[in-house]
Amino acid sequence: MSRSTRRRQETSRTSTAANGDVEEQHNIMPSGPNAEIPSDIRGDRCNIAILFFLYLLQGIPMGLAAAIPMLMQSHGVSYKQQAEFSLVNWPFSLKLLWAPIVDSIYSNRFGRRKSWLIPAQFLIGFFMIFLGANVDSWLGDGAEEKAEPCVGFLTLMFFILNFLAATQDIAVDGWALTMLKRRNVAYASTCNSVGQSAGYFFGYVVFMALHSPDVSNKYLRSVPQPNGLVTISSFLNMWGWVFLTATVLVAILKREQVVHNPEHEPEPSLGFYRAYGLLWDISKLPSIRVLAFILLTAKIGFSACDAVTGLKLVDAGVPKEHLAFLAVLLVPLQIMLPIAICKYTTGSRPLDVYIAAVPYRLFFNVVAGAIVYFTPSFINDNGDVPLYYYIGLLLFYTCHQITLYMMFVAIMSFFVRISDPAVGGTYMTLLNTLANMGTTWPSTLSLYIVDSLTFRGCSSSLLSNNGCSLPNEVKACEAAGGHCTVQLDGYYVEMALCTVLGLMWLWWARPRIQGLQAKEVREWKVQRQRIR
């Protein structure tokens, strides 16, 4: 379930809300005799609803980016092509690179956040409508005879879509801090996590269910039909118009705070050059360099399990829409786990929990490999999967999520502990970016090398040297009356390699992580020249 959790790792927001700019930390409540005034959403109900809806819209492209690989897998694309498409997830991990631009260049007349939010959402809407008109042919469904998907073009289009969504995310995160009253600003993170989760749910789970002929015929139709209730093109077209309508309404009806109101957070800014200079100053700290290497390599051991296992289950015959439903069942667990785990990570050594979770996640590599290996034996001739199989799969994902959130909550607690408050949220945002990149690049690489580690052969005795590694070799094998068989599945080779590399990483990283925890907080501070 790494795709559904990959974006949650960005929802731990700071005072800059991942906009890459430096803002002084301000108390949520006023000082003095009114310091204990509790939150009161009266007057902010409409703003909370607007933020929730904007974050929901943001989750739609993310959910669709998770659904497309499942559709491509049904078309028989290679894992190298899946790796190519996984690049669409990179904008959310790299948005720190252009966040200071979004924060520093704007029109005062139109509004600091609306200067980027409105154009980004208009472009997303038009882009979705354009995609809806062409995506069937790019997936290979446009002609009467199905063609091979245009993976390169799909990757480019959805990369641009996610780049626009990430830009919208920067603008909404920054606007959330000033749209809400100071006493209610904590609701911004709730709108973020709940809204994005709801958008992801619509873009992935709801779409996969309505796109499935089996689900549509079984639960939503009286007369069976060969296609699902919606197609990818109609779904994209509908949400494109939703984006355009919502953007027009926000542009006309919602104004930004122009004159500072003491009930709202102010909008300080370091500016374009000073923000990038501060990021460079932070990256030069010796402790940050060690931590960066740890964060960028920590997920190598789990990358094959997280990125490839779901696609392998689809290959084995598990309906992709059923895997999407499992993600829904895990949502309550994902809400409760951070609350349950945080009491173990509030001390001075939160990374002890992080280290403790690593061996268990590596053990799940073995469990996941066994599940994929034995899955075909559970599926009958009609393609039906028994209920007890799904119960076992849900149990596996539940245990996997526990270890995943142990690592997530622990590393977030450590980030909060070491971040220099004098530089606002920039420090925290940089650390989150490193952590997200540590998930993104191993996932892409693990998908890319599966095919290279897989060895196939032709069953025809006339073509014993045919490796079935290229499309023309596959056609030659079939023309000779044979079929291509997998002699060694690269998935299992990769799982073994990742497990070994993960154990080696644990041996190397454990003392260094303990050393980082032992450092004084002052060793994580940056020079003050740029923040004055």
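**Close-up 1. The salt bridge between R349 and D352 in the predicted model.** D352 has a relative accessibility of 33% and therefore counts as partly exposed, and R349, with a relative accessible area of 36%, is also partly exposed; buried stands for under 20% relative accessible area, exposed for over 50%, and partly exposed for what lies in between (1.4 Å probe, protein chains only). The two side chains meet in a salt bridge with an N to O distance of 3.1 Å, the term being used for a side-chain nitrogen of Lys or Arg within 4 Å of a carboxyl oxygen of Asp or Glu. This is a predicted model, in which local features need pLDDT of at least 70 and side-chain atom pairs count only at pLDDT 80 or more, while totals for chains, interfaces and linings use all residues. Residues are numbered from 1 along each chain as its sequence is written, and side-chain values use heavy atoms, with hydrogens and water left out.

**Close-up 2. The salt bridge between D169 and K95.** The closest N and O atoms of D169 and K95 are 2.2 Å apart. D169 belongs to helix α7, whereas K95 is in the loop between α4 (90-94) and α5 (99-104), so the pair ties together parts that are 74 residues apart in sequence; helices (H or I, at least four residues) and strands (E, at least two) are DSSP runs, numbered from the N terminus. Both D169 and K95 are buried.

**Close-up 3. The salt bridge between D489 and K312.** Here the closest N and O atoms are 3.0 Å apart. The pair links distant parts of the chain, with D489 in the loop between β2 (484-488) and α20 (490-518) and K312 in helix α13 (residues 303-316), 177 residues apart. D489 and K312 are both buried.

**Close-up 4. The two faces of helix α15 (residues 331-341).** The buried residues of this helix are L333, Q334, L337 and I341. Viewed down the axis of α15, they fall within an arc of 95°, so they line one face of the helix; the arc is that of the directions from the helix axis to the C-beta atoms. On the face turned away from the buried side, α15 carries the exposed residues I335, M336 and I339.

**Close-up 5. Lysines over aromatic rings.** K80 lies over the face of Y448, at 5.3 Å from the ring centre, and the charged end of K114 sits over the ring of F110, 5.4 Å from its centre. A charge sits over a ring if NZ of Lys or CZ of Arg is within 6 Å of the ring centre and within 35 degrees of the ring normal.
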